[in-house]
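Student: I have a model open and would like to learn how to read its features one by one. Where do we begin?

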Amino acid sequence: MSQERPRISKVTTRQGDQGTTQLADGRSYSKADPRLELVGELDELNSALGVAGLHVDAAAMQAQLQEIQSRVFDIGAAVATGQPQPVWQRELEKLDDYSEKINADLEPLAEFVLPGGNLANAQLHVARTIARRCERAFWRVNDAALISAGIGAYLNRISDFLFIAARSVSSTEVLWQPLQE
């Protein structure tokens with residue numbers, strides 16, 4: 001094992017005790033700053049993706065979810081540093097390909113579906129809704145470098161992928177029953 005310096009040598013710094021934190025760009029931010037809100041939302045999404053992956057049986061989908069988790073972590077790093085990597089178009093295309101392959105085996109939707117059917121479906125839908133919240137938080141940050149890199153589009157596609165993935169893991173789709181007069 002190499003003798004590299006660890007990235008995080010101390011977790012408890014007490015800097016946040018007064019409502020601020022320092023990001024990787026070296027600046028201190030209020031805990032209420034939209035950038036910090038986005039970092040927190042991305043952290044929650046990553047956790048939800050991990051939980052969903054535990055309930056999915058297919059190894060290929062587990063691998064896709066883990067890859068998306070890594071990309072969500074990359075997004076968090078880009079938000080924290082203000083320096084996105086210029087690879088998001090390629091990642092967007094990969095995510096679109098995953099979605100198209102899974103969707104090709106599904107019946108067209110005749111009605112809106114509700115989260116449920118089984119635990120994997122429900123967990124994927126939870127992750128999907130968190131991805132939507134991340135996307136909204138991203139646009140509130142309104143960072144031109146992050147926007148031009150395509151991160152907003154990638155966050156949008158995560159929720160599309162998760163919707164399709166949720167449909168694919170459920171043997172029985174729960175259909176919306178509209179309110180009757």
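Predicted model: local features only at pLDDT ≥ 70, side-chain atom pairs only at ≥ 80, totals over all residues.

Student: Which secondary structure elements does the protein have, and in what pattern along the sequence?

Tutor: Helices (H or I, at least four residues) and strands (E, at least two) are DSSP runs, numbered from the N terminus. Here there are 6 helices and 4 strands, and along the sequence they follow β-β-α-α-α-β-α-α-α-β. The C-alpha atoms fill a box of roughly 55 × 50 × 30 Å along the principal axes.

Student: How many of the 181 residues count as buried, as a percentage?

Tutor: Buried means under 20% relative accessible area, exposed over 50%, and partly exposed in between (1.4 Å probe, protein chains only). Of the 181 residues, 38% count as buried. For the surface as a whole, accessible areas come from the Shrake-Rupley method with a 1.4 Å probe, and for residues only the protein chains shown count as cover. The protein exposes about 11100 Å², of which carbon and sulfur atoms supply 50%.

Student: What do contacts say about sequence separation?

Tutor: A contact means heavy atoms within 4.5 Å. Among contacts with a separation of 6 or more, 75% come from residues 24 or more positions apart.

Student: How is the length of helix 1 checked, and what is the span?

Tutor: The expected span of a helix is 1.5 Å times one less than its number of residues. Helix 1 (residues 34-55) has 22 residues and should therefore span 32 Å; its end C-alpha atoms are 32 Å apart, which agrees. The 23 residues of helix 4 should span 33 Å at 1.5 Å a residue, and the end C-alpha atoms of helix 4 are 33 Å apart, so this one agrees too.

Student: Which residues of helix 1 are buried, and what do they pack against?

Tutor: An α-helix has 3.6 residues a turn, so residues three or four places apart point the same way. In helix 1 the buried residues are R35, L36, L38, E41, L42, L45, N46, A48, L49, A52 and G53. Their packing partners are strand 1 (20-22), strand 2 (28-30), helix 2 (59-81), helix 4 (119-141), helix 5 (144-149) and helix 6 (151-169).

Student: What follows helix 4?

Tutor: Helix 4 is followed by N142, in the loop between helix 4 and helix 5. Phi of N142 is near 55°, a positive value in a residue other than glycine. N142 counts as exposed because its relative accessibility is 55%.

Student: Is R140 buried or exposed, and how far is it from E37?

Tutor: R140 lies in helix 4 and is exposed, with a relative accessible area of 52%. R140 and E37 are 103 residues apart in sequence and 9.5 Å apart in space, C-alpha to C-alpha.

Student: Where is K31, and how far is it from T20?

Tutor: K31 sits in the loop between strand 2 and helix 1. It is partly exposed, at a relative accessible area of 41%. The C-alpha atoms of K31 and T20, 11 residues apart along the chain, are separated by 5.2 Å.

Definitions and conventions
Residues numbered from 1 in each chain as written. Heavy atoms only, no water.
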